[in-house]
Amino acid sequence: MRVDVVLFAHFSGFQPDGKGGRHARAFEFEEGTTIADVIAMLGLPDEPRVIFVNSTHAPEEQELRDGDRLAIFPPVAGG
Amino acid sequence: MREILRVDMSTLQVTREPLPEKWARYGGRALTSAIVYSEVPAGADPLGPENKLVIAPGLLGGTSAPNGGRLSVGAKSPLTGGIKEANSGGTAAHALGKMGIAAIIIEGAPADKTALYALRLFPDGTVDVVRRHDLAGLGAYETVAVAKGIEASEHRMSDKSSFLVIGPSGEMKMKSAGIAVTDPLGHPNRYAGRGGLGAVMGSKGLKLIAIFEEGLKPKQHADKDAFIAAVRKFSGALTTHAVTSQALPTFGTNVLANIINEAGGYPTRNFSSGQFEGVDGISGETMREITVERGGNVKHGCHTGCVIQCSRYYVDEDGHYMTKGPEYESAWSLGANCGIDDMDMVAKLDRKCGEIGIDTIEAGVMLGVYMASGEIAFGDGEAALKALDEIGRGTELGKVLGDGAEATGVKFGVKNIPVVKHQGLPAYDPRPIQGIGVTYATSTMGADHTAGYTITSNVLAVGGTVDPLKPEGQAALSQGLQIATAMLDAMGLCIFVAFAVLDMPEALEAIHEMAAAHTGDDWDVDALMQLGKETLAYERIFNEHAGFTAADDRLPAFFLEEKLPPHDVVFTVTDEELDSVYSFVPEVAEQLGIE
């Protein structure tokens with residue numbers, strides 16, 4: 001299945017193509033792949049994260065589906 | 001003993017009086033709101049001599065409390081018709097604190113409506129009011145430059161100087177006029193922006209307040225060792241929490257753009273969509289990349305003692321200072337809300353607002369409404385710049401636009417005008433982020449995100465989580481945050497400390513430990529929350545006297561009727577829940593003996 005993965009703030013440097021930036025990359029994953037599996041694959045730092053699948057908050061154990069957009073943020077805030 | 005400095009602009013007399021004992025535990029917003037409640041008739045004309053402009057550092061102002069240098073400016077608002085506290089960074093609050101001034105109350109108005117004055121406070125305690133017609137009509141930056149030149153010629157200038165100024169919009173008493181406050185490098189780029197307080201200052205014939213603090217020392221503490229220990233504890237929390245130690249210093253407040261957009265709550269083109277296709281161009285990450293490439297500063301504090309350092313300067317292609325790095329709210333209001341995706345254009349608009357002296361949120365919401373009217377097109381930055389020029393010149397059109405989003409929407413027949421209590425909504429759509437809708441609807445300030453920043457739990461997973469798409473739990477979340485925020489504003493603390501405070505119990509402890517060690521009074525968590533409740537009680541009751549009812553604690557109808565993409569939701573928190581947010585007020589008012 002195909003999932004768009006987009007990483008923000010200092011996570012953007014963890015895209016496997018090494019190019020950084022915040023533009024979504026398309027990945028092919030096995031059926032049943034969870035968000036946690038993707039986080040492990042990307043090697044994201046072990047710190048709190050805020051995760052959205054298709055613009056809705058999602059837990060790390062959630063299984064991804066074909067066509068999903070997965071967005072992962074480190075802890076951010078402002079105002 | 002802290003003092004009140006009273007400046008009567010009718011007589012140009014300045015007097016000092018001790019801070020009343022009943023307000024000994026108050027600073028910042030608690031003090032500005034208590035004074036406005038007590039001294040300004042609720043029915044007063046906001047631009048008349050009965051209104052008073054009150055300027056107060058927090059209880060911790062003038063100390064080394066980390067992030068403790070915020071300034072509160074209060075009055076009856078010409079925009080909302082209710083009470084107002086606009087909060088600013090910059091160096092003025094600590095300077096006033098070091099002088100032992102709890103609040104400046106500016107009252108009356110000159111008989112000569114064209115007269116323009118400067119109020120000056122000197123380190124030896126002398127204060128004067130001088131005529132300054134040479135400053136008439138000048139933009140905020142030029143005002144500061146001219147004033148510095150005059151003071152330098154009189155040998156009074158030093159790097160230890162702070163200025164509060166208004167631009168031409170304030171002189172013309174426009175309802176979106178703010179008060180600019182200088183930052184550590186003397187740029188007038190911090191703002192007590194919201195609610196038209198620049199117009200109140202203009203109505204007093206006051207163009208400039210100069211504060212000279214050369215040689216003044218930080219205030220003494222009742223228990224110095226305990227204060228230093230509490231400062232270390234607080235500073236430790238702020239420099240440990242991921243938000244206050246990494247995201248904010250690296251990317252600034254505009255790091256929010258992508259996450260609010262991803263959550264579908266980034267108001268786009270006058271609140272007609274929750275996602276902006278051009279968000280990347282105006283995001284905090286892009287702003288950092290551009291600024292670093294051009295050699296601009298990307299990390300400093302807006303006041304001394306700041307350990308978060310979320311401020312930055314935006315520079316042009318040649319590396320010259322243009323404006324402060326537009327904050328998240330400004331980049332949104334002048335960017336996504338206008339359909340503009342170009343960071344340089346956003347910076348030009350931000351600088352223009354800074355020159356004219358208007359609130360960037362109200363300006364961007366106004367421009368969004370103006371664009372929705374079809375008078376100018378969404379995405380047309382040059383037309384937006386020209387519209388702002390109309391405000392600066394005070395043309396017939398400019399006078400409408402300068403009075404903000406509602407005045408503009410009424411004038412041009414726009415159906416969807418995003419305001420509460422006549423004040424424009426900030427950068428979070430209340431349909432997919434319902435908690436912030438509760439704050440917008442119920443805040444004593446009119447639509448204001450800082451008053452109860454539910455984005456923490458709704459989107460950012462700070463201080464727990466509350467599903468942003470559902471109505472459940474939003475009223476309680478907003479109430480708790482409105483109380484806590486009023487407390488932080490009273491202490492003079494930057495509200496960004498809340499990100500650490502909400503997640504780290506020791507940070508909250510450190511606040512009451514600093515207050516106790518500094519003042520020698522008893523402070524604990526309950527006392528902190530009581531301070532927040534008392535502040536809100538003064539504000540809420542003032543607003544009731546000014547004529548506000550439950551009907552004013554509501555969002556505009558289109559947020560309840562028109563679904564917002566991509567989530568296709570409307571605001572569903574019930575009126576009953578909204579009316580529960582201020583349920584604590586009668587009991588607190590009785591304790592205070594106010595009604």
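Buried means under 20% relative accessible area, exposed means over 50%, and partly exposed lies in between. At 31%, Leu12(B) therefore counts as partly exposed. This is a predicted model.

Leu12(B) sits in the loop between β1 and β2 (13-18) of chain B. Its phi is near 60°, a positive value in a residue other than glycine. Arg269(B) is another such case, with a positive phi of about 50° although it is not a glycine. The loop between α8 (256-262) and α9 (284-293) of chain B holds Arg269(B). Its relative accessibility is 26%, so Arg269(B) is partly exposed.

Which peptide bond is cis, with omega near 5°? The bond runs from Pro565(B) to Pro566(B). Pro566(B) belongs to the loop between α22 and α23 of chain B. Why do these features deserve a mention? Because most residues other than glycine have a negative phi, and most peptide bonds are trans.

**Chain A as a whole**

Chain A has one helix and five strands. From the N terminus on, their order is β-β-α-β-β-β. The radius of gyration is 12 Å, close to the 12 Å of the globule rule for 79 residues, so chain A is as compact as a globular protein of that length. Along the principal axes, the C-alpha atoms of chain A fill a box of roughly 35 × 25 × 20 Å. Of the 79 residues, 53% count as buried.

The surface of chain A carries a patch of negative charge. Its members are Glu28(A), Glu30(A), Glu31(A), Asp37(A), Glu63(A) and Asp66(A). Asp37(A) lies in helix α1 (residues 35-42) of chain A. With 39% relative accessibility, Asp37(A) is partly exposed.

**Salt bridges**

Side chains of opposite charge can pair when their charged atoms come close. Over all chains, the whole structure holds 36 salt bridges. Among them are these pairs.

| Pair | N to O distance |
|---|---|
| Arg49(A) and Glu60(A) | 3.1 Å |
| Glu39(B) and Arg6(B) | 2.8 Å |
| Arg554(B) and Asp575(B) | 3.2 Å |

Arg49(A) and Glu60(A) form a salt bridge. This pair links distant parts of the chain, eleven residues apart. Arg49(A) is in the loop between α1 and β3 (50-53) of chain A, and Glu60(A) is in the loop between β4 (56-57) and β5 (69-73) of chain A. Glu60(A) is partly exposed at 28% relative accessibility.

In chain B, the side chains of Glu39(B) and Arg6(B) meet in a salt bridge. Glu39(B) lies in helix α1 (residues 28-39) of chain B and Arg6(B) in strand β1 (residues 3-8) of chain B, so the pair ties together parts that are 33 residues apart in sequence. Arg6(B) is buried at 13% relative accessibility. Glu39(B) is partly exposed at 25%.

Arg554(B) forms a salt bridge with Asp575(B). This pair, too, links distant parts of the chain, 21 residues apart. Arg554(B) is in the loop between α21 (525-545) and α22 (558-561) of chain B, and Asp575(B) is in helix α23 (residues 575-580) of chain B. Asp575(B) has 39% relative accessibility and counts as partly exposed.

Which residues of chain B are joined into one network by salt bridges that share partners? They are Arg6(B), Glu17(B), Glu39(B), Lys52(B) and Glu107(B).

Conventions: Residues numbered from 1 in each chain as written. Chains lettered and ligands numbered in written order. Predicted model: local features only at pLDDT ≥ 70, side-chain atom pairs only at ≥ 80, totals over all residues. Heavy atoms only, no water. Patch = residues over 30% accessible without salt bridge, like charges linked within 9 Å, V, L, I, M, F, W, Y side chains within 5 Å. Areas by Shrake-Rupley, 256 points an atom, 1.4 Å probe, with all protein chains shown as cover. Salt bridge = Lys/Arg side-chain N within 4 Å of Asp/Glu carboxyl O. Lys, Arg positive; Asp, Glu negative; His and termini not counted. Charge placed at Lys NZ, Arg CZ, Asp CG, Glu CD. Helix = DSSP H or I, 4+ residues; strand = E, 2+ residues; numbered from the N terminus. Buried < 20%, exposed > 50% of the residue type's maximum accessible area, 1.4 Å probe, protein only. Rg over C-alpha atoms; globule rule 2.2 N^0.38 Å.
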